Amino acid sequence: MATKKGKPGWRDVKGALVDFDRAGLLALVQDMYAASKDNQVFLHARLGLGADALEPYRVVIERWLCPDVYKNQDYSVAKAKKPIADYKKAIGLPVGLAELMVFYCEQATGFSAEFGLDDDAYYGALVRMFEQALTMVAGLARAAARDLSRAAGCRPRDGAERGLGRW
């Protein structure tokens, strides 16, 4: 059932999984869990396990944006962005994404302020992440306001009728 290119893809995997029973699928997931720390973090986030699903992602962001320069560690913008993309794939809750983006910005500005980087790419990535974080937080604020107004039984125009403006 391999694709024409000879390289297996998702369609091939999906086809092979049809033959698995419940025990077989559990064994496969267990093997995947044991194979990689990234798989463990993904499953913990996806299944809502652990006290703080964001912590493993924060650790990686901090490592790559705030390296221990005294141990000759290097920084990497690409490796610091990866946990945000991984979280988005695992669960992608907007509030969690916003928190990771803000954390990214805090770590990047803190490191650059402490060590005075001269790296335009680093600052460019920081500015782009800051813009994304602002957009995400603004979206959260609008969504939270709509959710709260619905929960309270309000309509956006109700406030306008009372001189409270319009949402």
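Mentor: A pocket here is an open set of points on a 1 Å grid over the protein atoms alone, where a 1.4 Å probe fits, with protein on both sides within 12 Å along at least five of seven lines. Lining residues have an atom within 4 Å of a point.

This is a predicted model, so local features need pLDDT of at least 70 and side-chain atom pairs count only at pLDDT 80 or more, while totals for chains, interfaces and linings use all residues. Residues are numbered from 1 along each chain as its sequence is written, and side-chain values use heavy atoms, with hydrogens and water left out.

Now the lining. It has 20 residues, and the closest to the pocket centre are Asp-38, Asn-39, Val-41, Phe-42 and Asp-86. Four helices each supply at least two lining residues: H2 (22-35), H3 (37-47), H4 (55-65) and H5 (77-90). Helices are DSSP runs (H or I, at least four residues), numbered from the N terminus. H3 gives the most, with six residues. By class, the lining has 13 nonpolar, six charged and one polar. Nonpolar covers Ala, Val, Leu, Ile, Met, Phe, Trp, Tyr, Cys and Pro; charged covers Asp, Glu, Lys and Arg; the others, Gly among them, count as polar.

Take H4 next. Its buried residues are Tyr-57, Arg-58, Ile-61, Trp-64 and Leu-65. They cover an arc of only 140° around the axis, which puts them on the same side of H4. The arc is that of the directions from the helix axis to the C-beta atoms. An α-helix has 3.6 residues a turn, so residues three or four places apart point the same way.

Arg-58 is in H4. Arg-58 counts as buried because its relative accessibility is 12%. The cut-offs are under 20% relative accessible area for buried, over 50% for exposed and partly exposed in between, with a 1.4 Å probe and protein chains only. Leaving out residues up to four places away in sequence, Arg-58 touches Asp-52, Glu-99, Leu-100 and Phe-103. A contact means heavy atoms within 4.5 Å.

The loop between H4 and H5 holds Asn-72. Asn-72 has a positive phi of about 60°, although it is not a glycine. Its relative accessible area is 71%, so Asn-72 is exposed.

Further along, Val-137 is in helix H7 (residues 120-151). Val-137 is partly exposed, at 39% relative accessible area. Its partners, not counting residues up to four places away in sequence, are Ala-98 and Val-102. The C-alpha atoms of Val-137 and Pro-94 are separated by 8.4 Å, and these residues are 43 apart along the chain.

Zoom out. The chain has eight helices and zero strands. Of its 167 residues, 25% count as buried. Among contacts with a separation of 6 or more, 48% come from residues 24 or more positions apart.

Finally, confidence. The chain averages a pLDDT of 85, and 84% of the residues score at least 70. pLDDT is the predictor's confidence in each residue, from 0 to 100. Among the elements, H4 has the highest mean pLDDT (96), and helix H8 (residues 156-161) the lowest (48). Over residues 158-167 the pLDDT is below 50, and beyond near neighbours in sequence this stretch has nine contacts in the model. Where pLDDT is low, the predicted coordinates should not be read in detail.
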